[in-house]
Amino acid sequence: MPAEGQQTMQWLFFSPSGRLSRLPYFLGWLFWVAISGFVLTRMFANEGNDIALALWTLILVVSGLVSTASIVMLTIKRLHDIGYPGPLAICLFIPVLSPVVFITLCLWPGKPEANEYGP
């Protein structure tokens, strides 16, 4: 994890190391939801144009893959903040548990003291 105060966007979205509090976790999810919403809006706006629709469909697939990887990294850091191991992020892929896990991670406060994942 970068030194305190020098955390980068790359660390936030694509690194599993360190800890992440509730607000950045929620805002990270909100960012990817907004990106997906924008791309879907562009797809619907270009329904009659096959080339543009194909391009926006490709962008949707790529952004879906990137956002999935990023959300897993955000979730691993959030789990670290509450003192749980990162592999529990697999719960996001269980359809019935996914919303419950998301809401829990957005509301459960992190441990104020340092743990094995960082300060």
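The side chains of Arg 78 and Asp 81 meet in a salt bridge, with N and O 2.6 Å apart. A salt bridge here is a side-chain nitrogen of Lys or Arg within 4 Å of a carboxyl oxygen of Asp or Glu. Keep in mind that this is a predicted model, where local features need pLDDT of at least 70, side-chain atom pairs count only at pLDDT 80 or more, and totals for chains, interfaces and linings use all residues. Residues are numbered from 1 along each chain as its sequence is written, and side-chain values use heavy atoms, with hydrogens and water left out.

Back to the pair. Arg 78 and Asp 81 sit 3 residues apart in helix α3, so about one helical turn separates them. (Helices are DSSP runs of H or I with at least four residues, numbered from the N terminus.) Arg 78 is buried, at 0% relative accessible area, and Asp 81 counts as buried too, at 9%. Through shared partners, salt bridges join Arg 19, Arg 78 and Asp 81 into one network. As for the cut-offs, buried means under 20% relative accessible area, exposed over 50%, and partly exposed in between, using a 1.4 Å probe and protein chains only.

How many salt bridges does a search of the whole structure find? It turns up 2, listed here:

| Salt bridge | Closest N to O |
|---|---|
| Arg 19 and Asp 81 | 3.0 Å |

What does the bridge from Arg 19 tie together? Arg 19 lies in the loop between α1 (9–14) and α2 (22–45), while Asp 81 belongs to α3 (residues 50–81), so the bridge links parts that are 62 residues apart in sequence.

Now for how two of the helices pack. The axes of α2 and α3 come within 9 Å and cross at roughly 170°; these axes are lines fitted to C-alpha atoms over the stretch in contact, with angles from 0 to 180 degrees between N-to-C directions. The two helices α2 and α3 are therefore roughly antiparallel, a label for angles over 145 degrees. Sorted by class, their contact has 15 nonpolar, 6 polar and 3 charged residues. Nonpolar covers Ala, Val, Leu, Ile, Met, Phe, Trp, Tyr, Cys and Pro, charged covers Asp, Glu, Lys and Arg, and the others, Gly among them, are polar.

Finally, the surface. Phe 14, in helix α1, is partly exposed at 43% relative accessible area.

Note on methods:
Parallel < 35°, antiparallel > 145°, perpendicular 65-115°, else oblique.
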